[in-house]
Amino acid sequence: MTSQQPLFQATAISKRFGGLQALVDVDAAQRPDELLGLIGPNGSGKSTFVNIMSGTLKADRGEVWLQGQVISGMPQHEVARAGLSRTFQAIKIFRELSIMENVTAGLLGHGIGPAAALERAREALDRVGLVSDTTLKAGRLGLFDQRRLEFAMRLVARPKLLMLDEPVGGLNPEEIRAMIALITALRDQCGIFIIEHTMKVITSLADRVMVFVNGRKLIDDKPSVVLRDRAVIETYLGA
Amino acid sequence: MKDLHALLILSFPVLGLFAGDHGLVTFIVGLVFINMLLASGLNLLYGFSGLIPFTFAGIAGISAYICANLVIRAGWAFWFALPIGCIAAAVVGLLLSFPAIRLRGFYFALSGLVIQSALTIAFVYFPAYTNGDTGITSIPKPVVAGMPVASPWFELLIGAAAAIGAGGVALLMRSRIGSTLIAIREDEDLCRALGIAVTANRCLAFFLASLMAGLGGAIYAHFVGFISPRGFDVLVSLNLWLMVAVGGRGTVTGPLLGALILTPLPYVFQQYSWLKDVIYGAAIIAVVIFLPGGLQSITFRKSA
């Protein structure tokens with residue numbers, strides 16, 4: 001049963017904002033052993049999809065399961081407690097709090113106070129390779145380290161699925177390479193789902209890629225197949 | 001170290017009790033302690049949770065009126081009326097927080113102004129229980145062993161209540177709840193993404209802070225012996241907010257320091273009441289522009 005049960009499954013997700021149909025009957029699922037990617041041009045519904053998955057938005061229709069548990073309809077903090085954790089496109093950390101306080105905050109919602117969380121927080125910081133004075137204010141870290149801190153804040157609660165919204169945004173080429181290595185290394189910690197709008201990162205990371213266009217799923221296949229797909233090429237390079 | 005500072009500031013007014021047979025000084029000492037208690041409660045919301053509760057004085061008033069009514073009309077002992085007043089204030093505070101708790105920053109403050117105004121009007125328009133604008137006079141002092149608590153002891157008792165209140169806030173802020181409130185103050189969207197129940201934690205902060213408002217309000221009624229709607233209007237809320245801001249929001253010592261400095265002002269400048277308003281106005285501007293961390297940030301620099 002466990003080998004067949006998907007990590008997450010979303011069925012017929014639809015969402016409308018006024019006159020804009022943001023998502024139309026989107027089905028998606030991720031196997032426990034794969035890294036799933038999502039790409040699409042601006043306004044294709046990528047962020048709406050993640051917002052619905054993580055409980056930030058309510059879908060008009062459709063359901064989401066996380067390892068067999070229905071999570072659609074739950075408030076966001078309960079979705080996070082159930083094991084689906086997300087990052088944001090723009091970096092979001094507690095800038096005025098220390099690095100350690102940031103990481104231990106990842107366990108506050110799980111009923112574990114800062115004092116009891118220290119060891120697990122150090123473990124999570126080790127895992128993302130953030131070796132720094134943990135009493136430092138998080139806002140003083142560089143961009144790449146802030147991204148790593150975001151990961152540690154989630155990993156400390158041992159999520160089942162980590163959804164990363166454009167994790168390489170704003171990074172330089174060298175940092176992008178390091179980020180790809182880091183995400184690859186995190187694969188044995190939890191399931192990883194990545195949104196990107198650039199092809200390059202996703203093809204080097206993902207086992208399978210979904211392409212959204214105008215709120216619909218255009219294709220869902222291996223990166224090599226997606227890259228050769230005529231409709232995808234037209235969307236990205238212009239017809 | 002910081003606890004020592006808090007203790008120092010808390011015990012400073014006690015010196016006033018040795019001023020000899022000076023009624024006004026002992027009276028001010030009592031008020032300082034009451035304001036320390038109230039400001040510490042307000043700090044729980046403004047300093048640690050990032051909400052400016054302009055309803056605070058109104059909530060204290062609810063407890064004051066309930067406690068005074070139970071003692072005067074129903075003949076209850078102060079000690080039994082006090083917890084009833086506190087709990088009533090906490091429940092009302094919690095209920096009043098529901099419509100506003102999802103608002104942020106400025107809009108939350110604005111909603112508080114409206115609710116505070118409604119409470120003040122309520123105090124005026126239910127004269128059967130509040131005696132309207134005239135207020136309730138001759139509220140008796142608490143009785144211990146058949147005797148009303150006399151002057152230096154009553155002030156010391158209030159000082160103990162302030163110490164317990166400030167100590168309670170300090171302990172709370174070192175717990176998981178405290179860390180959660182600070183995280184929510186810093187970024188509530190991020191908190192939700194990390195699994196933190198933002199609304200529930202804010203409601204808890206409101207309940208606890210309102211409990212402290214209730215305690216301060218009831219003690220005020222029986223210490224001063226007179227309550228009227230003006231004693232719990234929006235200006236009182238603003239004064240308490242100013243104490244927290246001047247002393248230093250988000251610290252345990254801040255509200256104690258703010259109450260210690262600002263409470264005696266109106267009595268020091270009794271002949272020049274306009275001067276008090278000038279000082280208050282200047283204090284607001286100075287703190288907002290030059291000293292967002294309050295006085296405690298210069299007086300007691302954080303040791304590393």
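Leaving aside neighbours within four places in sequence, with which residues is B:Thr55 in contact? In the predicted model described here, B:Thr55 is in contact with B:Gly112, B:Ile115, B:Gln116, B:Leu119 and B:Ser237, where contact means heavy atoms within 4.5 Å. B:Thr55 lies in the loop between helix 2 and helix 3 of chain B; helices (H or I, at least four residues) and strands (E, at least two) are DSSP runs, numbered from the N terminus. With a relative accessible area of 6%, B:Thr55 is buried. The term buried means under 20% relative accessible area, exposed means over 50%, and partly exposed lies in between, for a 1.4 Å probe and protein chains only.

Residues are numbered from 1 along each chain as its sequence is written, chains are lettered from A and ligands numbered from 1 in the order in which they are written, and side-chain values use heavy atoms, with hydrogens and water left out. Because the model is predicted, local features need pLDDT of at least 70 and side-chain atom pairs count only at pLDDT 80 or more, whereas totals for chains, interfaces and linings use all residues.

Confidence is considered next. The predictor gives the complex an ipTM of 0.92 and a pTM of 0.90. For chain B, the mean pLDDT (the predictor's confidence in each residue, from 0 to 100) is 90, and 97% of the residues reach 70 or more. Among the elements of chain B, the highest mean pLDDT, 96, belongs to helix 3 (residues 56–72), and the lowest, 71, to helix 15 (residues 296–299). Where pLDDT is low, the predicted coordinates should not be read in detail.

The largest nonpolar core has 82 residues. Such a core is a set of buried Ala, Val, Leu, Ile, Met, Phe, Trp, Tyr and Cys residues joined through side-chain atoms within 4.5 Å. Helix 2 (residues 23–46) of chain B supplies the largest share of this core, 14 residues. B:Met36 and B:Ile227 have the most contacts inside the core. Not counting residues up to four places away in sequence, B:Met36 touches B:Ile9, B:Leu10, B:Pro13, B:Ala162, B:Leu256, B:Ala259 and B:Leu260. A second, separate core of 59 residues includes A:Leu108, A:Leu149, A:Ala157 and A:Met179.

Within chain B, the axes of helix 7 (residues 151–174) and helix 10 (residues 198–224) come within 12 Å and cross at roughly 175 degrees. Helix 7 of chain B is therefore roughly antiparallel to helix 10 of chain B. Axes are lines fitted to C-alpha atoms, for helices over the stretch in contact, and angles run from 0 to 180 degrees between N-to-C directions; angles under 35 degrees count as roughly parallel, over 145 as roughly antiparallel, 65 to 115 as roughly perpendicular and the rest as oblique. Among the residues of helix 7 that meet helix 10 of chain B are B:Phe154, B:Ile158 and B:Val169, while the helix 10 side includes B:Leu208, B:Met212 and B:Phe223.

Loops of chain B also show particular backbone values. B:Asn131 and B:Ser138 are both found in the loop between helix 6 (127–130) and strand 1 (143–144) of chain B. Phi is near 60 degrees in B:Asn131, a positive value in a residue other than glycine, and near 55 degrees in B:Ser138, likewise a positive value in a residue other than glycine. B:Asn131 is partly exposed, with a relative accessible area of 41%, whereas B:Ser138 is exposed, at 64%.

Chain A contains two open sheets. Six strands form one of them in the order 6-7-8-3-9-10, with mixed pairing; two strands pair if DSSP finds at least two bridges between them. Strand 6 (84–86) and strand 10 (216–221) of chain A are the edge strands, each pairing on one side only. Neighbouring strands of this sheet are turned by 20 degrees against each other on average, direction ignored. Strand 7 (residues 161–165) and strand 8 (residues 191–196) of chain A run parallel and are joined by five bridges, and A:Asp165 has A:Ile195 in strand 8 as its bridge partner.

The other sheet comprises four strands in the order 2-1-4-5, with antiparallel pairing. Its edge strands are strand 2 (20–30) and strand 5 (69–70) of chain A. Seven bridges join strand 1 (residues 8–17) to strand 2 of chain A; the bridge partner of A:Phe8 is A:Gln30, and that of A:Lys15 is A:Leu23. In the hairpin of these strands, which has two residues between them, A:Gly18 takes a positive phi near 55 degrees. Helix 1 (residues 46–53) of chain A lies across strand 1, strand 2 and strand 4 (61–66) of chain A, running at about 120 degrees to strand 1.
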